[in-house]
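Colleague: I would like to go through this model with you, one residue or element at a time. Please give the cut-offs as we go.

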Amino acid sequence: MTSSLHQPPPAINRNDCVYTACFCEENVYCLLQNQLSSSKGRGDWLWFAIFVSNDEQAVAIHHQRPGTGIDSMVVWDYHVVAVALPKSRTTLINKCPSQRSMQHAWVYDFDTMLPFPCPFDDYVAKALAPKVDTPLLVPPHLKWVPAIDYLASFSSDRSHMQDADGTWLASPPPYAPIVRGGNTLARFIDSTDDKEHPVLSVNMLLEALCLERHG
């Protein structure tokens with residue numbers, strides 16, 4: 001479903017974007033960098049990097065292109081998506097969009113089988129909180145990082161994607177790592193750390209958006 005509340009989203013062709021499998025944090029970084037460098041993206045929309053994880057760093061996300069099973073589920077240690085909200089309809093409370101504002105948001109997930117972009121409420125209900133039973137997994141938490149903060153402080157030497165002898169677990173992007181001093185990726189992933197950026201559980205979002213779990 002697409003609610004009449006949704007303003008048409010920024011038109012972005014996924015095939016035109018920088019993408020490297022298993023490097024979602026850098027894919028989103030490049031997307032946000034591109035959007036904030038354009039007058040249209042910078043002028044009309046508020047952008048966020050959303051880190052989806054939990055205390056166990058084992059989060060089930062459904063309708064993923066690398067996924068398996070009926071609903072193509074993947075258990076990621078973390079996942080990162082971009083979210084856009086129209087400035088004209090967005091109110092921020094402690095760096096986080098209000099519940100009403102979230103009803104106008106759009107999600108850009110490079111690995112989803114859902115539409116690109118997808119209305120935020122649809123994405124939460126279908127990708128993060130379906131009725132599929134995953135009793136052994138902790139529900140997802142979402143950390144909201146404003147794009148301007150993310151672009152200013154994200155740093156990763158990609159060592160988390162190498163094993164003990166330096167072998168790559170997945171082929172890295174062809175461009176140089178985004179490094180500013182020490183690595184900050186772990187800090188963004190940590191769903192227990194909400195000192196700088198707000199963290200919301202998927203159950204809180206379901207309640208806030210008056211959503212039911214999808215089958």
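Modeller: Phenylalanine 110 is a place to start: its relative accessible area is 3%, so it is buried, where buried means under 20% relative accessible area, exposed over 50% and partly exposed in between, with a 1.4 Å probe and protein chains only. The model is predicted, so local features need pLDDT of at least 70 and side-chain atom pairs pLDDT 80 or more, while totals for chains, interfaces and linings use all residues. Residues are numbered from 1 along each chain as its sequence is written, and side-chain values use heavy atoms, without hydrogens and water.

Colleague: Where is the place of phenylalanine 110?

Modeller: Helices (H or I, at least four residues) and strands (E, at least two) are DSSP runs, numbered from the N terminus. Phenylalanine 110 touches residues including Asn27, Val28 and Leu31, leaving aside those up to four places away in sequence; contact means heavy atoms within 4.5 Å. Its place is in the loop between β7 and β8.

Colleague: Which residues does threonine 112 touch?

Modeller: Threonine 112 lies in the loop between β7 (106-108) and β8 (118-119). It is buried, with a relative accessible area of 2%. Not counting residues up to four places away in sequence, threonine 112 touches Arg14, His63, Gln64, Arg65 and Tyr123.

Colleague: Which kind of aromatic pair do phenylalanine 48 and tryptophan 144 form?

Modeller: The whole structure has 12 aromatic pairs; rings of Phe, Tyr and Trp (its six-membered ring) pair if their centres lie within 6.5 Å, and planes under 30 degrees apart count as stacked, over 60 as edge-to-face and the rest as tilted. For phenylalanine 48 and tryptophan 144, the values are 5.5 Å centre to centre and 80° between the planes, which is edge-to-face.

Colleague: What is the relative accessibility of tyrosine 108?

Modeller: The ring centres of tyrosine 108 and phenylalanine 116 are 5.4 Å apart with the planes at 90°, so this pair is edge-to-face. Phenylalanine 116 counts as buried at 16% relative accessibility. Tyrosine 108 also counts as buried, and its relative accessibility is 0%.

Colleague: Which residues do ring pairs link into a cluster?

Modeller: Tyrosine 108 and phenylalanine 116 form an edge-to-face pair. The cluster linked by ring pairs consists of Tyr19, Trp47, Tyr108, Phe110 and Phe116.
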